[in-house]
2 protein chains.
Amino acid sequence: MSKAASRISAPELLIEQLRSMLGIRVSTSPSVLEQHGRGESWHPPQAPHAVCFAHSTEEVAAIVRLCAANRTPVIAYGTGTSLEGQVQAVHGGVCIDLSQMNQVLEVNSDDLDCRVQAGVTRRELNHYLRETGLFFPVDPGADTSIGGMTATRASGTNAVRYGTMRENVLGLTVVSASGEIIKTGTRARKSAAGYDLTHLFVGSEGTLGVITEISLRLFGISEAISAAIVNFPDVRSAAETTIQTIQMGIPVARIEILDSGYMKAINAYSKTSYPELDTLFLEFHGTTAGVAEQVQMFDEISREFGASGFQWADQESDRQKLWRARHDAYYAGLAVSPGSRGYVTDVCVPISRLADCIAETQADIAASGLFAPIIGHVGDGNFHSTIFIDPDDETMFARALELDRRMVQRAQAMGGTCTGEHGIGIGKLKHMRNEHGDGAIAAMQAIKAALDPHNIMNPGKIVDC
Amino acid sequence: MSKAASRISAPELLIEQLRSMLGIRVSTSPSVLEQHGRGESWHPPQAPHAVCFAHSTEEVAAIVRLCAANRTPVIAYGTGTSLEGQVQAVHGGVCIDLSQMNQVLEVNSDDLDCRVQAGVTRRELNHYLRETGLFFPVDPGADTSIGGMTATRASGTNAVRYGTMRENVLGLTVVSASGEIIKTGTRARKSAAGYDLTHLFVGSEGTLGVITEISLRLFGISEAISAAIVNFPDVRSAAETTIQTIQMGIPVARIEILDSGYMKAINAYSKTSYPELDTLFLEFHGTTAGVAEQVQMFDEISREFGASGFQWADQESDRQKLWRARHDAYYAGLAVSPGSRGYVTDVCVPISRLADCIAETQADIAASGLFAPIIGHVGDGNFHSTIFIDPDDETMFARALELDRRMVQRAQAMGGTCTGEHGIGIGKLKHMRNEHGDGAIAAMQAIKAALDPHNIMNPGKIVDC
């Protein structure tokens, strides 16, 4: 593959051209550049040369055409919440901030779909939908942009029932590496017409083009919703309960594990008084009778594995409190490890291997001496251990890297993946070849070279392995 | 894109090389060649130069390497049931018949997945699964190969609940245009690791590589299954009932329309005595209580639209009889039009446009004077009009072509697609650009050129527009 220029040496002319088009919506302020050169992970920031705040697909196309003419890297930016160094400008270049492209363009209630600009966040979308009885289910925790979620194939809680971005993106508008506007998909629910470009761009992390508009599936809000937490004697029992629940076909909407370490941190941070045991957080959606049936089936399974202490939340305010505690787990972990930084791991295995994978990981964590509680979307076989490290302790960081490497290799050996939902960025590049093999990597590189022959679209990510 | 050689002039040496590898599993018998040059559609046969019966992925790779060295087209063949000329050897070349690669390689009951060779048919797979309590739901009617279903992104009945091949293929083994073996996907239910090659190959109709193995999702057979037919005063009422059913989120497993023309033909062919009215064929899957609830909700909706004559089939034998009648509709149509050939159309629109699309199509059919009853997977917005034509009447064929053209343009104008499930082949090539636009077509062509630089993989299909 042709290499992108190493950091461009004379960006002044390009920046001048961008300014003549966008005026003050081009920034070279050091703080803006620094902010746009990093996500929320431990990866060191790598700032772009300039940040453009785009307002339309046509503007994005014009920016990309200028960058293409100058062989300058282009990095798309949403909310800066990525976790594997996806927005780091490893070769410099121009960051296109899409956060001001935040319009919901259409909602088709009858077809259960909508179309949004890339900068709309998932909470903004659900707020917009509040009168319709519909919602967009993909929920990675942070209030991320739909564009960023699409580009990283995000998922999170709810995916076990409603799918990830892979299942919920119906079509896209994408600006290609040459600045052409590509539309993918139709509004029909299925099609057999040609190559599936939609799925190719979902998860491509800006390396094949800049996603500017997204058509999404929506779902009706269920008549009945019931959430609960329930405690287990150990993580393996919680995992086994999850496995049985999935195998029985119970359409659970959320099934999340938090180990005792995380529950202690949550109580300290959120002023809650949950039992400090290995715990599942659950949610059931359906008709009133359907939810009652699901709950009963789950109850029977979980008691076989020693479950106790069911706490139900049927009112919306109680449910929100419960899920707020779940989503704040990362901040709770930081709060109980003052001065620490979280190193978030992310593996996913076939559900039959989940209990083994978590148990082996726990043993490995215990041996490492690190504080690395486990949290996960276990209905999908996906879990994270967040390793809280002292940023000034290089040996600690090295141990975290090694723990992560072993987690990935364990998951891959079990038929799983190095990343369930955080993507590759620069952080997981080193695991790509082991996961996919030479043939698939060669195919990915050929596609990258075909769609981005000058390697200007977020270079250094995904296929640079 | 580089063009494939127009029909190769001296295939003798290549055929000799193939014979030295495969012995009698290379055929140049005229009847075998003719059979492998056509599907089940009206498109005239175009025979390959030779047919190879492969037994393994490695053999397929070796065949492709020989063909690549000779710049000879390669066409993969499953059961020959495609409907848009997918297997026609428009530039001659070598057909690889995968029907003898018919092993189920693994079934992982705990993970609800399996891996099969491409030549396994869907009925063979479900027969193999009969003791497990699991099934593979995608059901296009004919007993097609899983490889062919994957390559054409097939769907059929059940897709409204369980998805199409797009949703149910987890991973693939593919032989590339250079004869390399590519593995895509992992056994994890989700992954954010790199480009989604699985979805790129699903629906690529052999133009990017030969699919030799497929990993599939499986589902538990529901505790309760209930099927029914119900009559409506007109097709619009049946379509409106379908729209409401989907919008209400009733998880119907099958919801199929057959108009009065098809019901008459079925009664004549299957010796049944169904009311000869516009009819929905339905199936509900779930727990006993869940199915009862679905049925009640559907009943209320359908009565608002004038439904009558519910006939329920709760016993498996009754259900099989009902679905056999549905699946035999095509043959029933042929039987009541002696000497005719079926020209099958295939459009799919957003569900909100379904009633209008069907009504306008019916008016158009009536004006055309053709016998073209309507059948469809209306829960997905997908329907077919099968035009029964006299093969010797060229003006009738021209009218059918024109009717089809108008159906496609109507569907595309409504935000739909030229093909819900039959694929592009050569039959729908002319509609690709109108559906996708120049940008997407250019991207598809670039991908084709990157993965198949000498244009030997099923040339003349999908992107040759």
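This is a predicted model: local features need pLDDT of at least 70, side-chain atom pairs count only at pLDDT 80 or more; totals for chains, interfaces and linings use all residues.
**Close-up 1. The open sheet of 5 strands in chain A.** The strands of this sheet follow the order 5-6-10-8-9, and their pairing is antiparallel. Strand 5 (104-108) and strand 9 of chain A each have a single partner strand, so that these two stand at the edges and one side of each is left without a neighbour in the sheet. From one strand to the next, the twist averages 10 degrees.

**Close-up 2. The side of chain A that touches chain B.** The contact between the chains draws on 73 residues from chain A and 72 residues from chain B. On the side of chain A, at least two residues each are supplied by helix 7 (165-168), strand 9 (181-184), helix 8 (197-201), helix 11 (288-304) and helix 16 (432-451). Helix 16 of chain A gives the most to this side, with 13 residues. By residue class, the side of chain A that touches chain B divides into 27 nonpolar, 30 polar and 16 charged residues.

**Close-up 3. Ile96(B) in the largest nonpolar core.** This core holds 272 residues, among which Ile96(A) and Ile96(B) touch the most other members. When neighbours within four places in sequence are left aside, Ile96(B) is in contact with Cys52(B), Ala54(B), Val60(B), Ile63(B), Val74(B), Ala76(B), Tyr77(B) and Val210(B).

Definitions and conventions:
Residues are numbered from 1 along each chain as its sequence is written. Chains are lettered from A and ligands numbered from 1 in the order in which they are written. Two residues are in contact if their C-beta atoms, placed from the backbone, lie within 7 Å. Helices (H or I, at least four residues) and strands (E, at least two) are DSSP runs, numbered from the N terminus. Ala, Val, Leu, Ile, Met, Phe, Trp, Tyr, Cys and Pro count as nonpolar, Asp, Glu, Lys and Arg as charged, and the others, Gly among them, as polar. Two strands pair if DSSP finds at least two bridges between them. Axes are lines fitted to C-alpha atoms, for helices over the stretch in contact, and angles run from 0 to 180 degrees between N-to-C directions. A nonpolar core is a set of buried Ala, Val, Leu, Ile, Met, Phe, Trp, Tyr and Cys residues joined through C-beta atoms within 7 Å. A residue is buried if 20 or more other C-beta atoms lie within 10 Å of its own, exposed if 12 or fewer, and partly exposed in between; C-beta atoms are placed from the backbone.
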